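Please examine the structure below together with its sequence. The paragraphs that follow lead through selected residues, cores and helices.

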Amino acid sequence: MHALIPCAGSGARLPGDVPKQYRQLAGAAVVAHTVRAFLACPQVASVHVVVQAGDAQARAVLPTHPRLRIHEAGGATRAQTVLQGLRGLRAQGAGEQDWVLVHDAARCCITPQAIAGLIEACQHDAVGGLLALPLPDTLKQAAADANAPQTVRVAATLPRDGLWLAQTPQMFRLGTLLAALQQSDPAGITDEASAVERMGLRPKLVLGSGSNFKVTFADDLILAEALITTRAQHAATPGAEHA
């Protein structure tokens with residue numbers, strides 16, 4: 001069982017001097033919180049962070065740990081980065097039947113308990129699966145106003161029955177995921193499950209948590225810091241584990 005964390009994006013939707021995965025949050029970089037959650041899971045034999053070639057920031061912000069590896073093999077898209085990471089895993093001896101948990105570097109509020117829950121739910125599944133949430137809000141289709149192109153208006157209200165919001169980790173066999181990504185156009189793949197679906201397989205949906213959101217906008221940093229800080233304070237309170 002291995003974790004693969006693509007960490008090669010620029011985070012363009014969150015402007016700043018550094019990519020969002022390296023922004024400071026509750027005393028550590030966003031990606032450092034993410035990595036620590038996976039290192040806290042004994043089921044995960046190794047954690048692999050995939051960054052762009054020449055990226056020195058990851059080594060500066062991540063903890064030193066015997067189960068942690070950094071690969072300078074990032075691609076132009078997320079799918080390419082994951083594909084390169086999988087190839088690196090295989091080159092280091094991982095088997096085709098080994099499970100791989102792919103997780104967004106910017107989903108820094110993931111917990112070891114959520115990771116363990118996904119593993120428990122999928123480790124005997126024929127396909128694998130992902131954390132996800134049933135769509136909680138009304139879904140609107142948008143269109144530009146014909147008379148004011150910069151104004152966006154509702155074009156339609158879409159039924160939300162059966163719709164889920166995909167999260168990560170997404171858990172698949174290394175060989176399956178490698179084949180899926182190699183057979184797909186990387187530009188059209190937004191997550192690992194969609195590549196696996198193109199092979200005619202149906203990944204398992206495992207109920208996730210609203211706290212497992214991806215830091216994308218400035219307000220997300222504020223929310224993530226508050227959540228991580230509250231968890232740390234709770235963990236430091238005597239008897240908190242029995243509360």
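Ser194 counts as buried, because its relative accessibility is 17% and the cut-off for burial is under 20%. The model in which this value was computed is a predicted one. Ser194 belongs to helix H6, which covers residues 192–197. A polar atom of the Ser194 side chain lies 2.7 Å from the backbone oxygen of Asp191.

From this single site the description turns to the nonpolar interior. In soluble globular proteins, nonpolar side chains tend to be buried together. Here the largest nonpolar core has 32 residues, and Val35, Val47 and Leu62 are those with the most contacts inside it. At least two residues of this core come from each of strand S1 (2–6), strand S3 (28–29), helix H1 (30–39), strand S4 (46–51), strand S5 (68–72), strand S6 (99–102) and helix H4 (112–122). Helix H1 gives the most, with 6 residues. The surroundings of Val47 can be listed in detail: leaving aside neighbours within four places in sequence, Val47 is in contact with Ala3, Ile5, Val35, Phe38, Leu39, Arg67, Leu68 and Arg69.

Of its 10 residues, 9 are buried, so H1 is largely enclosed by the rest of the structure. The buried residues are Val30, Val31, Ala32, His33, Thr34, Val35, Ala37, Phe38 and Leu39. Within H1, Thr34 has a relative accessible area of 0% and is therefore buried. What surrounds Thr34, apart from its neighbours within four places in sequence? Its contacts are Ile5, His103, Asp104, Ala105, Arg107 and Cys108. Cys108 is 74 residues from Thr34 in sequence, yet their C-alpha atoms are 4.4 Å apart in space.

The next topic is the packing of two other helices. Two packed helices are described by the angle between their axes and the distance between the axes. The axes of helix H3 (residues 78–91) and helix H5 (residues 174–183) come within 10 Å and cross at roughly 140°. This angle makes H3 oblique to H5, since only angles over 145 degrees count as roughly antiparallel. The crossing of the two helices is left-handed. On the H3 side, the contact is made by Ala79, Val82, Leu83, Leu86, Arg87, Leu89 and Arg90, and on the H5 side by Leu174, Leu177, Leu178, Leu181 and Gln182. In H5, the buried residues are Leu174, Gly175, Leu177, Leu178, Ala180 and Leu181. Their cover includes H3, S6, S10 and H6.

Two features of backbone geometry complete the account. Thr168 and Pro169 are joined by a cis peptide bond, with omega at about 10°. Pro169 is found in strand S10, which spans residues 164–173. Ala26 lies in the loop between strand S2 (24–25) and S3. Phi of Ala26 is near 50°, a positive value in a residue other than glycine. Is Ala26 buried, exposed or partly exposed? Its relative accessible area is 32%, so Ala26 is partly exposed.

Notes:
Residues are numbered from 1 along each chain as its sequence is written. This is a predicted model: local features need pLDDT of at least 70, side-chain atom pairs count only at pLDDT 80 or more; totals for chains, interfaces and linings use all residues. Side-chain values use heavy atoms; hydrogens and water are left out. Helices (H or I, at least four residues) and strands (E, at least two) are DSSP runs, numbered from the N terminus. Buried means under 20% relative accessible area, exposed over 50%, partly exposed in between (1.4 Å probe, protein chains only). A polar contact is a pair of N or O atoms within 3.5 Å; within protein, one must be able to donate a hydrogen and the other to accept it, and residues adjacent in sequence count only if both atoms are side-chain atoms. A nonpolar core is a set of buried Ala, Val, Leu, Ile, Met, Phe, Trp, Tyr and Cys residues joined through side-chain atoms within 4.5 Å. Contact means heavy atoms within 4.5 Å. Axes are lines fitted to C-alpha atoms, for helices over the stretch in contact, and angles run from 0 to 180 degrees between N-to-C directions. Angles under 35 degrees count as roughly parallel, over 145 as roughly antiparallel, 65 to 115 as roughly perpendicular and the rest as oblique. A crossing is left-handed if the near helix is turned anticlockwise from the far one by less than a right angle, and right-handed if clockwise.
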